Amino acid sequence: MIIMSEKTKKIAPKNYVIYGIICILTIVLVFYLSMWYETRKEYYKNNSVMSELLAQINQQELTSYTLENPNSIIYVASSKDEQIKSFEKELKKFVLDNEINNQMVYLDISQSDNVGLKNTIKTLAPSNLKVDSFNIESGINFIIFENGQVKAILHKDSDSAQIDHVKNFFTVYEIVEE
C-alpha cells in the first residue's frame with residue numbers, strides 16, 4: 001500500500017498559472033499562424049510568382065524600357081491566372097539557374113493600365129512579324145527584343161504552358177545554352 005503525504009498531493013497555485021499562460025500562448029500562436037497562412041495564400045493567389053524575381057513594368061513604360069534596354073525579354077502573364085502558378089514556379093527556377101533574371105521584366109496583363117498591349121507591341125515589331133496572330137492578352141507570353149524591336153514571341157495558353165517550350169524557345173534564340 002502506498003502512503004501519500006499531504007505535501008505530495010498539493011500542487012502549487014503558481015503551476016496552474018504557468019499552465020494557463022502556456023495554454024493561452026499556444027492558442028494565440030495557432031490563430032496567428034493560421035492568419036499568416038491565409039494571408040500568404042491570398043497573396044500568391046493574387047500575385048505572380050515571377051513578380052518576386054523580376055522587375056515589373058506596365059504598358060506605358062514598355063516603349064521607354066525597350067529604348068533603354070534594347071536587348072531584353074518581357075514576360076507577359078496574368079497574376080490572377082491560377083493555371084500557371086505551378087508553371088511559374090518551374091520558370092522561376094529556370095531563370096535563376098540560367099541567371100537571366102537581369103535580362104527579363106514582368107508585365108502583368110491583368111492590371112487595368114495594360115489594356116491594349118497588342119497595339120503597343122505592334123508598334124515595336126517589324127512588319128514581317130504577324131503580332132495579330134498571337135493572343136497576348138491571355139496565357140503566357142515571352143517577347144524577345146533585339147535592338148529595340150520585337151524579334152520573337154512565344155505564346156502558350158495557360159493550360160498548355162510547359163517549361164520545356166520556354167527552354168527550347170530560349171535555346172533557339174540563344175538566350176541560354178543547352
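**Exercise 1.** Decide whether Thr66 is buried or exposed in this predicted model, and list what Thr66 touches beyond its sequence neighbours.

*Solution.* Step 1: locate the residue. Thr66 sits in helix H3, which covers residues 59-68.
Step 1: apply the cut-off. Buried means under 20% relative accessible area. Thr66 has 2% relative accessibility, so Thr66 counts as buried.
Step 2: list the contacts. With neighbours within four places in sequence set aside, Thr66 is in contact with Leu124, Phe145 and Gly148.
Step 3: look at another residue of the helix. Glu61 is also found in helix H3, but Glu61 counts as partly exposed because its relative accessibility is 36%.

**Exercise 2.** Describe the largest nonpolar core and say which elements give two or more residues to it.

*Solution.* Step 1: take the size. The largest nonpolar core has 25 residues.
Step 1: find the residues with the most contacts inside this core. These are Tyr75, Leu91, Phe142 and Phe170.
Step 2: assign the elements. Two or more residues come from each of strand E2 (72-77), helix H4 (85-97), strand E3 (104-108), strand E4 (140-146), strand E5 (149-156) and helix H6 (163-172).
Step 3: check for another core. A second, separate core has 20 residues, among them Val105, Leu124, Ile143 and Val150.
Step 4: Leaving out neighbours within four places in sequence, the contacts of Phe142 include Ile73, Tyr75, Leu91, Met104, Leu154 and Phe170.

**Exercise 3.** Work out how many salt bridges the model has and which residues form them.

*Solution.* Side chains of opposite charge can pair when their charged atoms come close.
Step 1: count. The total is three salt bridges.
Step 2: take the pair of Lys92 and Glu52, with 3.3 Å from N to O. This pair links distant parts of the chain, 40 residues apart: Lys92 lies in helix H4 and Glu52 in the loop between H2 and strand E1 (55-57). Lys92 is partly exposed at 24% relative accessibility, and Glu52 is partly exposed at 37%.
Step 3: take Lys93 and Asp97, whose closest N and O atoms are 2.9 Å apart. Both residues are in helix H4, and because they are four residues apart, about one helical turn separates them. Lys93 is exposed at 53%, and Asp97 is exposed with a relative accessible area of 53%.
Step 4: take Glu146 and Lys151, which meet at 3.1 Å from N to O. Glu146 is partly exposed at 38%, and Lys151 is partly exposed at 35%.

**Exercise 4.** Identify where Glu99 and Asn147 lie, and state the phi value of each.

*Solution.* Step 1: recall the background. Most residues other than glycine have a negative phi.
Step 1: treat Glu99. Its phi is positive, near 50°, and Glu99 lies in the loop between H4 and E3. With a relative accessible area of 64%, Glu99 is exposed.
Step 2: treat Asn147. Its phi is also positive, about 55°, and Asn147 is in the loop between E4 and E5. At 61% relative accessibility, Asn147 counts as exposed.

**Exercise 5.** Name the residues that make a nonpolar surface patch of about 580 Å².

*Solution.* Step 1: list the members. The patch is made by Leu29, Tyr32, Leu33, Trp36 and Tyr37.
Step 1: Tyr32 is found in helix H2, residues 13-46.

Conventions. Residues are numbered from 1 along each chain as its sequence is written. This is a predicted model: local features need pLDDT of at least 70, side-chain atom pairs count only at pLDDT 80 or more; totals for chains, interfaces and linings use all residues. Side-chain values use heavy atoms; hydrogens and water are left out. A nonpolar core is a set of buried Ala, Val, Leu, Ile, Met, Phe, Trp, Tyr and Cys residues joined through side-chain atoms within 4.5 Å. Buried means under 20% relative accessible area, exposed over 50%, partly exposed in between (1.4 Å probe, protein chains only). Contact means heavy atoms within 4.5 Å. Patches are made of residues with over 30% relative accessible area and no salt bridge: like charges are joined within 9 Å, nonpolar side chains (Val, Leu, Ile, Met, Phe, Trp, Tyr) within 5 Å. Accessible areas come from the Shrake-Rupley method with a 1.4 Å probe; for residues, only the protein chains shown count as cover. A salt bridge is a side-chain nitrogen of Lys or Arg within 4 Å of a carboxyl oxygen of Asp or Glu.
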